[in-house]
Amino acid sequence: MLQKTSHFMKQANLINGEWVQADSGQTIDVINPATGLKIGTVPKAGRNETRRAIEAAEEAFKSWKKTSALERSKLLRKLHDAILDNQDALAELLTIEQGKSLTESRGEIASSAAYVLWFAEEARRTYGDVVPSPWADRRIIVNREPVGVIAAITPWNFPSSMLSRKIGPALAAGCTAVVKPASQTPYSGLAWGALCEEVGIPKGVVNIVTGSAGEIGDELCTNPLVKKITFTGSTEVGKILIEKSASTVKKVSMELGGNAPFLVFDDADLDRAVQGAITAKYRNSGQTCVCTNRFFVQAGIYEEFVQKLAEASKQLKVGSGLEDGVQQGPLIDEKAVEKVEEFIADAISNGGRVVAGGKRHELGGSFFQPTVIADATTGMKFMKEEIFGPVAPVFKFETEEEAIKLANDTEFGLAAYFYTGDLGRAFRVMEGLKYGMVGVNEGLITTPEAPFGGVKESGLGREGGHQGIDDYLDTKYVCIGGLGL
Ligand code: NAP
């Protein structure tokens, strides 16, 4: 099974162009969530290895920042091609360590390639300004320069594409990087090292360490050579990283948790809404930051929507991601299953009605049935906390104002979705939602061309769009005087 993937399955860290083990020789086991079996190990690195990786990145920065934008763009294009040339092998590796279906893994790898291509193009457009001067004999120029060494920490739910949004803009801007992938899915992160080597990105430009999150994170946040931290993960950890980075006043980009609402109005195209709901809820077994956490459905169509969603969710094929036709893989681990069970028990004890699923799947392990819960109320855990599993709680509302208020009643503000056939309502609701991203009659909206990111406690900064490279650049104002003009 690992034949296709073996070339990319690096069981070592990449520091200054060398594949190395942890100083202590300690390792972490990596488990396939579909089988519960060990796939391999990765080094359990800590502070010292991280420091060496940072120093290597700092050394590499001296020459990398001097490469031309065109040269960097060409290398990133080669990286894009290499990712696509190896799409199947990379997708298989992703499925084996993360659990999502091969179709979704192929999609994630294609998305990684697309982000790299986007930033290959953006590399050539980091324009500055020539500003009209208030002085006759002076000129004003505004340049944009790479910030320096950046550190990237990523989660297990999109172990490849979350890195593409960080490595892509970093390298395009002329920065070098130290990367820490999630311990449960390190191989898709380490594969970036193999890919960068393959296309000739110089040693030290991308360094990858795995291991103790606390020690690695601490060094990345406090080492003065690191100029920026970019993190995707939970709001809880994001807050720790912001606090730690304050000691050296680093730039921070944070892609944190969500609590996405999905509003369906009486005037919506119901079948389209159900189709969007399935994508926005059950993708990656409900383990995405933009997955719907709360469905709010208007009273006139409530029962019909619940029934159609329940029917559609029962059709989803659950199984090992490697099997043909599987749409929902296992959850990442036992803890995730227990959390989902806790949410469902809480809902039932508060009057929730299970209309589909509700239990562990007969396949055992961390497989769970796609679940729909009707009669959800605001006192339930779903209202405030991220489920991160295949459970769709459906709340009922009467008026547009009530729906917007309910949707905004959370400290999160990442993605929101709503379905309506009324143009005026579309604008009112879109403007009323306090979210970084809104899908109108669409349940899947991520694309490299658009700025991905949240407001409130869902984060800071944007990934993708022309905005996605901004955080990797410093602005320098230059005033040239004594020109004798
Ligand atoms: P997590 O527990 O915050 O972990 C994310 C990363 O942070 C992992 O690499 C983890 O390392 C590391 N980490 C944990 N504690 C740390 C510390 N004290 N210092 C430094 N690094 C530390 O999140 P997760 O469970 O992997 O991912 C799920 C969360 O990510 C959800 O909340 C989801 O909404 C969010 N997410 C957000 C976006 C977005 O774009 N907004 C995208 C995807 C996911 P270890 O693996 O070694 O523990």
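By class, the shell around the ligand comprises 15 nonpolar, 10 polar and three charged residues, where Ala, Val, Leu, Ile, Met, Phe, Trp, Tyr, Cys and Pro count as nonpolar, Asp, Glu, Lys and Arg as charged, and the others, Gly among them, as polar. The structure is a predicted model, in which local features need pLDDT of at least 70 and side-chain atom pairs count only at pLDDT 80 or more, whereas totals for chains, interfaces and linings use all residues. Residues are numbered from 1 along each chain as its sequence is written, and side-chain values use heavy atoms, with hydrogens and water left out.

The ligand is surrounded by 28 residues (a heavy atom within 4 Å), of which T154, S183, S234, L256 and E386 are the closest. At least two residues of this shell are supplied by each of α7 (213–222), β10 (226–232) and α8 (235–245); helices (H or I, at least four residues) and strands (E, at least two) are DSSP runs numbered from the N terminus. A polar side-chain atom of S183 lies 2.5 Å from an oxygen atom of the ligand, while a backbone N or O atom of T154 is found 2.7 Å from a ligand oxygen atom. The protein covers 85% of the 910 Å² of accessible area that the ligand has on its own, as computed by the Shrake-Rupley method with a 1.4 Å probe.

The ligand sits in the largest pocket, in the sense that more than half of its atoms lie within 2 Å of the grid points of that pocket. On a 1 Å grid over the protein atoms alone, a pocket is an open set of points with protein on both sides within 12 Å along at least five of seven lines, a cavity is a set where a 1.4 Å probe fits but cannot get out, and lining residues have an atom within 4 Å of a point. The largest pocket holds about 1300 Å³ of space, the volume being that filled by probe spheres set on grid points joined across faces, edges and corners. Among its 42 lining residues, W156, G233, S234, E236 and V237 are the closest to its centre, and α8 contributes the largest share of the lining, six residues.

Conventions:
A polar contact is a pair of N or O atoms within 3.5 Å; within protein, one must be able to donate a hydrogen and the other to accept it, and residues adjacent in sequence count only if both atoms are side-chain atoms.
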